[in-house]
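I am opening these notes to set down what I looked up, beginning with the chain as a whole and then turning to the ligand.

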Amino acid sequence: MLKSEAGPTHRQRITTILKGVVETSTIKSVYFRDEPSSRAEPGQFLMVWIPEVDEIPMSISYMCEDGSAAVSVKMVGPATNSLYFRRRNQPIGVRGPYGRGFSLTSGKRALIVSGGAGGAPLGPLSDLLAAKGREFTVVVGAPVTGELLFLDRYRANALKVGGKVIPVTEDGAYGVKGLASEVAEAELKESDYDIIYTCGPEPMIKRLLDLAEEYSVPIQASLERIMKCGIGICGSCVIDSYRVCRDGPVFDGEALREMKELNVTRRDHAGRPGPLQGRHT
Ligand SMILES: Cc1cc2nc3c(=O)[nH]c(=O)nc-3n(C[C@H](O)[C@H](O)[C@H](O)COP(=O)(O)OP(=O)(O)OC[C@H]3O[C@@H](n4cnc5c(N)ncnc54)[C@H](O)[C@@H]3O)c2cc1C
Ligand code: FES
């Protein structure tokens, strides 16, 4: 076993659900007590075992001072459906925290771009930026109003540092009508930013990567791939020469630009590459 793979984080810890909090029309945050998760860095993830169903990767979306933490789950299949409907006191297992999270740069002003349900790791990033007194703008995109994630949380954090929050919906029923990447482009045109942090659909990440190059702004993006081991052994999360679980899930612009599979292919549960099915947000 490699030295970096030793330690208590690899042991599965059985904990119980403390509460579920509805965040949007499709996402619920599931809280549980687990000290290592409560001390994770924004962008790190857990392998969450849902008894009798599956073990799946989930970003840690809340790290609380009382030793509890949460993941924010969107129902897309058997495991996420089951976790969504688990009740208080029911058991789950967790391993981790795993992976490289977002790194705080020395810059003064960050642009956070959140696309749909993928925005789970950006909530704790905004908590950290606010705690460090770093100014930021958050562009929160979703197809419809009810799916805008962490809007109140971003607003409370932005208030502490003089930042701003721009909701964007595709149907224009709330906030700016359009795509989060279009609003991000307008922000980059108008104001100076030192870093772009993003998570969401890959077409959005690819567009932001191009914008980062055009405006000479560093970027960090969190990627999602099917994961089984979560610790760099099985290869199911491979994207080009990277393993998303171990080398990411947060990557910088240099690594993202090397990835020919980004926004092109994604492996299925059997490891077969196939076309990426993602929508722009
Ligand atoms: C690092 C990381 C962090 C994640 N954080 C969250 C989170 O905070 N909240 C959340 O709701 N989900 C998160 N996910 C995605 C989540 O793990 C998958 O949606 C889940 O494993 C699907 O399992 P299922 O049994 O519900 O559905 P499945 O039937 O297994 O999958 C449903 C559909 O989603 C696709 N899919 C499954 N797993 C992934 C994956 N890992 N990446 C991309 N597409 C996938 C499948 O190809 C299929 O089309 C994260 C994934 C990764 C890799
Ligand atoms: S999930 Fe096994 S190598 Fe990444």
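I began with contacts in the chain of this predicted model, and among those between residues at least 6 apart in sequence, I found that 67% join residues at least 24 apart.

Next I looked up the secondary structure, which comes to 8 helices and 17 strands.

For the overall dimensions, I noted that the C-alpha atoms of the chain fill a box of roughly 50 × 40 × 35 Å, taken along the principal axes. I then compared the radius of gyration with what a compact globule of 281 residues would have, and because that expectation is near 19 Å while the chain has 18 Å, I wrote down that the two agree. I also checked burial, and buried residues make up 46% of the 281 residues in the chain.

I then turned to ligand 1 and asked which residues are closest to it. There are 23 residues surrounding ligand 1, and the closest are Ile-56, Gly-77, Ala-79, Thr-80 and Ala-120. The elements that give two or more residues to this shell are strand E4 (54-63), strand E5 (68-74) and helix H2 (78-85), and E4 gives the most, with 5 residues.

Note on methods
Residues numbered from 1 in each chain as written. Chains lettered and ligands numbered in written order. Predicted model: local features only at pLDDT ≥ 70, side-chain atom pairs only at ≥ 80, totals over all residues. Near = placed C-beta within 6 Å. Helix = DSSP H or I, 4+ residues; strand = E, 2+ residues; numbered from the N terminus. Rg over C-alpha atoms; globule rule 2.2 N^0.38 Å. Buried ≥ 20, exposed ≤ 12 C-beta atoms within 10 Å, placed from the backbone. Contact = placed C-beta atoms within 7 Å.
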